[in-house]
Every structure is written in C-alpha cells, then in structure tokens.
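Keep the structure open while you read, and look up each residue as it comes along.

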Amino acid sequence: EVIGGHSAHLKNRHPAAEPGFDSLASRRPLIMGVINVTPDSFSDGGLCASTEDALRHAACLIEQGADWLDIGGESSRPGSMPVDMAEELRRVIPVVEALSSMDVPVSVDTSKPEVMRAAIRAGAAMINDVNALRAAGALEAVAAGGVSACLMHMQGEPGSMQADPRYDDVVAEVKGFLRQRLDAALAAGIQRDRLAIDPGFGFGKTHDHNIKLLRHLDRFSDLGVPVLVGLSRKAILGKMTGRNVGDRLHASVAAALMAVIKGAGIVRVHDVKATRDALAVYNAVNS
Ligand SMILES: Nc1nc2ncc(COP(=O)(O)OP(=O)(O)O)nc2c(=O)[nH]1
C-alpha cells in the first residue's frame with residue numbers, strides 16, 4: 001500500500017539522512033501532521049500541553065500515516081504575540097529529542113535562529129519558518145545544520161497582519177517574495193533539494209487574497225521546489241462553509257485535495273487519517 005509503503009520506507013532511514021524534499025514529495029504528495037505544543041493555537045491549543053501529550057499525539061499521527069511531523073511552540077494565529085525563546089525551547093526541544101529516535105522526519109515551526117539551532121541539534125530534519133528565514137542568523141543556522149527548510153510568505157507580523165492586508169497582485173507579489181527568499185537561501189548555501197515554499201494562507205491575506213492564491217497555486221510550481229500548503233481548519237474554510245473552527249474537517253480535506261490537484265507537494269494538516277484517505281484516491285488516479 002503506497003502510503004504505508006512510503007512511511008515504511010521512511011522508517012528505515014534516519015530523518016537527518018532523508019533525501020531532499022523534492023525527491024520525497026515527487027513520489028507522491030506528502031502529509032505533514034501538526035503538533036502544536038502551545039496553549040493557544042487557533043484550533044488545537046492546549047491539546048498537547050505536556051511533552052507526554054505531544055508524544056502520544058505524534059504516535060497517533062504516525063499511525064494515521066503522517067510522512068512528517070511539524071512541531072510548533074509558538075502560535076502564529078492572527079493577533080498572537082511572540083513567545084519568549086526560553087519558553088519556546090522548553091515546549092519544543094524535549095518533544096523533538098524524544099521523536100528523534102522514532103523514524104519519521106520532524107520539522108520545527110519556528111522563526112528564532114536560536115530555536116532552529118537547538119532543534120537541529122535535537123534531531124529536527126527541517127525548519128518550517130513562517131518568516132521565511134528572515135531573522136538575522138536564520139539562513140546561517142539552517143545552512144550550517146544541513147537540514148531542509150520551508151520558506152513561507154507572510155505580510156506583516158502575526159499580531160497585526162490581518163488588520164489591512166493589501167496587494168496590487170497577490171499571486172505575483174507572494175511569488176516574487178518567495179523567489180527572493182529562495183535566492184537568499186541558495187546564496188547562504190542551503191541546497192535546492194532541501195527547500196520548499198509556502199504561500200502562507202491566512203498570513204496577511206484577506207479572504208479574496210486566499211482564494212486567488214489557491215485558484216492560482218499552480219503558478220508557484222515553476223519556482224522549482226515543492227509547494228507546501230497549510231489550509232487545515234483555517235478561517236478561509238470557515239468563510240466558505242459557515243462552519244466554526246471545530247467543524248472544518250471535511251472542508252480541510254477538500255482543501256488539501258484541491259491544493260494537491262493544483263500542484264502542492266506537501267500538505268500541512270491536523271487531521272492526518274482523513275487527509276491520507278483523500279490522497280489515496282488522488283494517488284490511485286495519478287500514480
Ligand atoms: N509552513 C506553514 N507553517 C504554518 N504554521 C502554522 C500555521 C497556523 O496553523 P496552526 O499551527 O494550527 O495554528 P497556530 O499558528 O495558532 O499554532 N500555518 C502554517 C502554514 O500554513 N504553513
């Protein structure tokens with residue numbers, strides 16, 4: 001069974017030795033399972049209050065078929081405030097260390113270079129940065145670590161990004177930003193096959209901007225690296241369906257499938273099992 005086989009394939013390799021992103025994603029779309037070790041994430045804050053809770057959830061997502069686990073210690077929801085470094089390290093590093101002995105690649109969702117370095121030392125195979133490695137020292141931390149990175153577009157900061165997002169041409173501007181960040185990452189010595197990009201749904205975008213980015217997602221594929229998409233449970237889906245944040249499973253699965261049909265190579269989701277089944281249908285038709 002392809003997905004099981006694929007994750008079984010992962011089981012025999014240490015995450016850090018994983019081939020680059022594109023060789024993984026090119027086989028079939030990858031499922032990145034979300035593990036928020038925060039009290040205040042927009043949809044599942046507090047679910048993984050302790051390291052033990054996070055590890056139980058990780059085992060559950062792996063069982064459901066996650067190809068990758070994304071550990072986040074700081075909510076980036078609209079209106080959120082930064083978490084101090086010591087607290088973020090306290091939340092994230094024990095989970096990464098404990099997972100490093102398991103056979104599934106782990107990414108850490110952080111924008112702080114110090115957290116990146118600690119995460120890489122603890123065994124993280126990727127840094128997922130909603131700030132696209134723009135903090136001083138971030139590019140160097142990832143390059144020195146020899147790990148993968150996801151570069152995501154955000155207009156402004158989480159605390160204020162939804163106040164008044166404005167673009168002349170959202171697709172062209174987001175794509176131009178991601179092209180610049182790719183160039184910066186390559187110039188810093190990060191290998192192209194270790195890089196992914198993400199248009200950042202909900203990060204400084206109106207509903208109309210999000211719709212345009214999803215409608216034209218295929219325009220990001222010619223940047224030459226896998227496109228990662230995170231739509232799971234987000235407000236864009238609530239706007240489309242009228243459902244509140246706890247009732248967006250079906251829309252999240254439809255959005256992940258839509259993203260993959262439009263070229264996404266990695267989908268970042270909370271509900272792995274449902275997404276896996278939807279992508280099994282996609283894979284059967286597209287293999
Ligand atoms: N690359 C990438 N990373 C992300 N990290 C967090 C969130 C927000 O979702 P979640 O982590 O569930 O919520 P919170 O930020 O409140 O913890 N979305 C993305 C995304 O779309 N792309």
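**A buried loop residue to start with**

Arg233 counts as buried, because its relative accessibility is 17% and buried means under 20% relative accessible area, with exposed being over 50% and partly exposed in between (1.4 Å probe, protein chains only). Before going on, know that this is a predicted model, where local features need pLDDT of at least 70, side-chain atom pairs count only at pLDDT 80 or more, and totals for chains, interfaces and linings use all residues. Residues are numbered from 1 along each chain as its sequence is written, and side-chain values use heavy atoms, leaving out hydrogens and water.

**Around the ligand**

- Which residues come nearest to the ligand? Out of the 18 residues around it, they are Ser41, Ser75, Asp198, Lys234 and His270; a residue counts as near if one of its heavy atoms lies within 4 Å of the molecule.
- Sorted by class, this shell has six nonpolar, seven polar and five charged residues. Here Ala, Val, Leu, Ile, Met, Phe, Trp, Tyr, Cys and Pro count as nonpolar, Asp, Glu, Lys and Arg as charged, and the others, Gly among them, as polar.
- Asn36 has a polar side-chain atom 3.2 Å from an oxygen atom of the ligand.
- Phe42 uses its backbone instead: a polar backbone atom there is 2.9 Å from an oxygen atom of the ligand.
- For Asp109, a polar side-chain atom lies 2.7 Å from a nitrogen atom of the ligand.
- Taken alone, the ligand exposes 480 Å², and the protein buries 98% of that. These accessible areas come from the Shrake-Rupley method with a 1.4 Å probe; for residues, only the protein chains shown count as cover.
- The ligand takes up the space of the largest pocket. On a 1 Å grid over the protein atoms alone, a pocket is an open set of points with protein on both sides within 12 Å along at least five of seven lines, and a molecule sits in a pocket if more than half of its atoms lie within 2 Å of the pocket's grid points.

**Two residues with positive phi**

- Most residues other than glycine have a negative phi.
- Arg233 has a phi near 65 degrees, a positive value in a residue other than glycine. You'll find Arg233 in the loop between strand E7 (228-229) and helix H9 (235-241). Helices (H or I, at least four residues) and strands (E, at least two) are DSSP runs, numbered from the N terminus.
- Leu133 also isn't glycine, and its phi is positive, near 60 degrees. Leu133 lies in the loop between strand E4 (126-129) and helix H6 (138-145).
- Is Leu133 buried or exposed? Leu133 is buried, because its relative accessible area is 1%.

**Buried residues and their contacts**

- Asp67 is in the loop between helix H3 (51-64) and strand E2 (68-72), and it counts as buried because its relative accessibility is 1%.
- The side chains of Asp67 and Arg28 are joined by a polar contact of 2.6 Å. A polar contact is a pair of N or O atoms within 3.5 Å; within protein, one must be able to donate a hydrogen and the other to accept it, and residues adjacent in sequence count only if both atoms are side-chain atoms.
- Asp67 and Pro105 are 38 residues apart in sequence, with their C-alpha atoms 7.2 Å apart in space.
- His153 sits in the loop between strand E5 (148-152) and helix H7 (170-187). With a relative accessible area of 6%, His153 is buried.
- Which side chain does His153's side chain meet in a polar contact? The partner is Lys205, at 2.7 Å.
- Leu30 belongs to strand E1 (residues 30-36) and is buried, with a relative accessible area of 2%.

**Partly exposed helix residues**

- Leu257 is part of helix H10 (residues 249-261), and its 27% relative accessibility makes it partly exposed.
- Asn286 is placed in helix H11 (residues 272-286) and counts as partly exposed, at 46% relative accessibility.
- A polar atom of the Asn286 side chain lies 2.8 Å from the backbone oxygen of Tyr282.

Conventions: On a 1 Å grid over the protein atoms alone, a cavity is a set of points where a 1.4 Å probe fits but cannot get out, and a pocket is an open set with protein on both sides within 12 Å along at least five of seven lines; lining residues have an atom within 4 Å of a point.
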